[in-house]
Protein chains: 2
Amino acid sequence: MSFTHVVMFKWKDESFDAQAVAEALQSAVAAIDGVQSYVCGPDVNLSPGSFDFAVVGTFDDRDSFLTYRDNPEHQRIIKEMINPHLESRSVAQLES
Amino acid sequence: MSFTHVVMFKWKDESFDAQAVAEALQSAVAAIDGVQSYVCGPDVNLSPGSFDFAVVGTFDDRDSFLTYRDNPEHQRIIKEMINPHLESRSVAQLES
């Protein structure tokens, strides 16, 4: 049973270049155990009303996800790089 | 380069049992080419304010996703099984 975490962001300013966010998240995740796959980046503007950025992480289990969620560098990225630009956020987690 | 599609639903009635939606989506996807992975189901209620249901599909490329998106059975499931229960929807797609 894997654990899939999905979060999407709408930025206050749609033109915000979130490449640095994607890179910071990817390098933070590289140092965390239990991550089966991790994809993040800007939306491709294909679907009307789509969000601006998405993260999809698949973890070995819930505990591996919690380790990621509470990781200090991950929390720093949220606080310093995401939240200041954030208009809205949608999140869900699945056991799969 | 894969193509990741993510969509989340909030149901009008939080207690709506979406297991039939998950099963219908899974069987529709089984008959579609270019699907690398496909996970869908109810949220586990771990994060405050989380959505109720999520779908994460990874496709060979954008065209494979469009084939899935426009697939008649997929469209039927949206129209008959999802939309009648839908309060809100968040969507994003990534090229990864």
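Author: UniProt positions are given here in the numbering used for this structure, and annotations may be inferred rather than shown by experiment. With that in mind, the UniProt record, an unreviewed entry, places the feature "domain: Stress-response A/B barrel" at residues 3-94 of chain A. The model itself is predicted.

Reader: What is the helix and strand content of chain A over residues 3-94, and how far apart are the end C-alpha atoms?

Author: Over residues 3-94 chain A is 34% helix and 36% strand, and the end C-alpha atoms are 6 Å apart.

Reader: Which residues in H1(A) meet which residues in H3(A)?

Author: From H1(A), Ala20(A), Val21(A), Ala24(A), Leu25(A) and Ala28(A) meet Glu73(A), His74(A), Ile77(A), Met81(A) and Ile82(A) of H3(A). By class, this contact of H1(A) with H3(A) has 8 nonpolar, 1 polar and 1 charged residues.

Reader: How do you know whether Ser2(B) is buried or exposed?

Author: Buried means under 20% relative accessible area, and Ser2(B), with a relative accessible area of 17%, is therefore buried. Ser2(B) lies in the segment before strand E1 (3-11) of chain B.

Reader: What does Ser2(B) touch, not counting residues up to four places away in sequence?

Author: With that exclusion, Ser2(B) touches Gln36(B), Thr58(B), Phe59(B), Asp60(B), Leu94(B), Glu95(B) and Ser96(B). The side chains of Ser2(B) and Gln36(B) are joined by a polar contact of 3.0 Å.

Definitions and conventions. Residues numbered from 1 in each chain as written. Chains lettered and ligands numbered in written order. Predicted model: local features only at pLDDT ≥ 70, side-chain atom pairs only at ≥ 80, totals over all residues. Heavy atoms only, no water. Contact = heavy atoms within 4.5 Å. Helix = DSSP H or I, 4+ residues; strand = E, 2+ residues; numbered from the N terminus. Nonpolar A, V, L, I, M, F, W, Y, C, P; charged D, E, K, R; others polar. Buried < 20%, exposed > 50% of the residue type's maximum accessible area, 1.4 Å probe, protein only. Polar contact = N/O pair within 3.5 Å; in protein donor to acceptor, adjacent residues only side chain to side chain.
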